[in-house]
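Please look through the sequence and the model shown here before reading the report.

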Amino acid sequence: MGFSGLRAVVTGAGRGFGRALAVSLGRDGAEVFVSARRFDAAEETAQAVRRVGGRAHAFECDLADPVSVREFAESLGETADAVDVLVNNGAPYLDAGGFLGAAGFMECTDEQVAEVIAAGAAGTVLVTKAVLPLLLRSARPDIVTMVSGCGEYGNHRSAAHEAFYAAKSAQAGFTEVLSKRLRPSGVRVISLYPPDFDGADPLGPGWDEARGTGDALGARSVVDCVRFAIGQPRDCFIKSFYFEQA
């Protein structure tokens, strides 16, 4: 599936899934605009995209800071007059033992809790709000949000901290109503709810290895879900991807 001419924004692209998706899209012809909390991390991903023949631009964006989000959107608008896809991937993970850790007390700081919820919940809303004008100038606007299985009602199987669950539940509620309200404008809102999944480097040898029924969900499979959804004709609206957790 080729994405020549596609203009895709990927937040939280300094590492992990965001980096993998940016490289995958760039390799197939997309122009990618990647952000990370640290500019050097975003630039490293942009360089990886360029090494596979894609076009890439790097930006600094701290999703927990509304000023940083505004500055990112302004810089993005100075670089592109329109974008086709916004991937809300940036959301810090917190695994600090939960409210009652192994020692029987809270093992994370109040600041960590506030940052996780601010970046994952408010940050997703603010980035979407700020980038929406650029999306509305596209003939094929899509908003993709990596929610996680932690955003599913009743899910309790992840080792993630309660604050991460709170952020992901907020994303789920936001994308649910956003899908209804943006549909008349032609904007598709796509949410993914994967369980914890294995990471892989799209530039490494493991990326192309065949995977089977007994394997844990891998990053490439999740990347392929995003690629499939945004590659569909405009009469095909894939609202959500839910994954069976083995």
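The report below goes through the sheet, the helices packed on it and a few selected contacts.

This is a predicted model, in which local features need pLDDT of at least 70, side-chain atom pairs count only at pLDDT 80 or more, and totals for chains, interfaces and linings use all residues. Residues are numbered from 1 along each chain as its sequence is written, and side-chain values use heavy atoms, with hydrogens and water left out.

**The sheet**

Helices (H or I, at least four residues) and strands (E, at least two) are DSSP runs, numbered from the N terminus. Seven strands form an open sheet with parallel pairing, in the order E3-E2-E1-E4-E5-E6-E7, where two strands pair if DSSP finds at least two bridges between them. Strand E3 (55-60) and strand E7 (240-242) stand at the edges with a single partner strand each, so one side of each is left without a neighbour in the sheet. On average, neighbouring strands of this sheet are turned by 15° against each other, direction ignored.

In strand E3 lies His57, which is 24 residues from Phe33 in sequence and 4.8 Å from Phe33 in space, C-alpha to C-alpha. Leaving aside neighbours within four places in sequence, His57 is in contact with residues including Phe33, Ala46, Arg50 and Thr79, contact meaning heavy atoms within 4.5 Å.

**Helices and their packing**

Two packed helices are described by the angle between their axes and the distance between the axes. Axes are lines fitted to C-alpha atoms, for helices over the stretch in contact, and angles run from 0 to 180 degrees between N-to-C directions.

| Helix pair | Axes come within | Crossing angle |
|---|---|---|
| H4 (residues 110-135) and H5 (residues 162-182) | 7 Å | roughly 20° |
| H1 (residues 16-27) and H2 (residues 39-51) | 8 Å | roughly 30° |
| H1 and H6 (residues 219-230) | 10 Å | roughly 50° |

Angles under 35 degrees count as roughly parallel, over 145 as roughly antiparallel, 65 to 115 as roughly perpendicular and the rest as oblique. H4 and H5 are therefore roughly parallel to each other, H1 and H2 are therefore roughly parallel as well, and H1 and H6 are therefore oblique to each other.

The contact of H4 with H5 includes Val113, Gly120 and Leu132 of H4 and Phe164, Ala170 and Leu182 of H5, and its residues divide into 14 nonpolar, four polar and no charged. In these classes, Ala, Val, Leu, Ile, Met, Phe, Trp, Tyr, Cys and Pro count as nonpolar, Asp, Glu, Lys and Arg as charged, and the others, Gly among them, as polar.

Arg19, Ala22, Val23 and Gly26 in H1 meet Glu44, Thr45, Ala48, Val49 and Arg51 in H2, and this contact has four nonpolar, two polar and three charged residues.

H4 also lies across strand E4 (85-88) and strand E5 (142-146), running at about 175° to E4. H5 packs on the sheet as well, touching E5 and E6, and its direction makes about 155° with that of E6.

**An aromatic link**

A search of the whole structure finds four aromatic pairs, where rings of Phe, Tyr and Trp (its six-membered ring) pair if their centres lie within 6.5 Å, and planes under 30 degrees apart count as stacked, over 60 as edge-to-face and the rest as tilted. One of them is the edge-to-face pair of Tyr93 and Phe164, with 5.0 Å centre to centre and 65° between the planes. Tyr93 lies in the loop between E4 and H4 and Phe164 in helix H5, so the pair ties together parts that are 71 residues apart in sequence.
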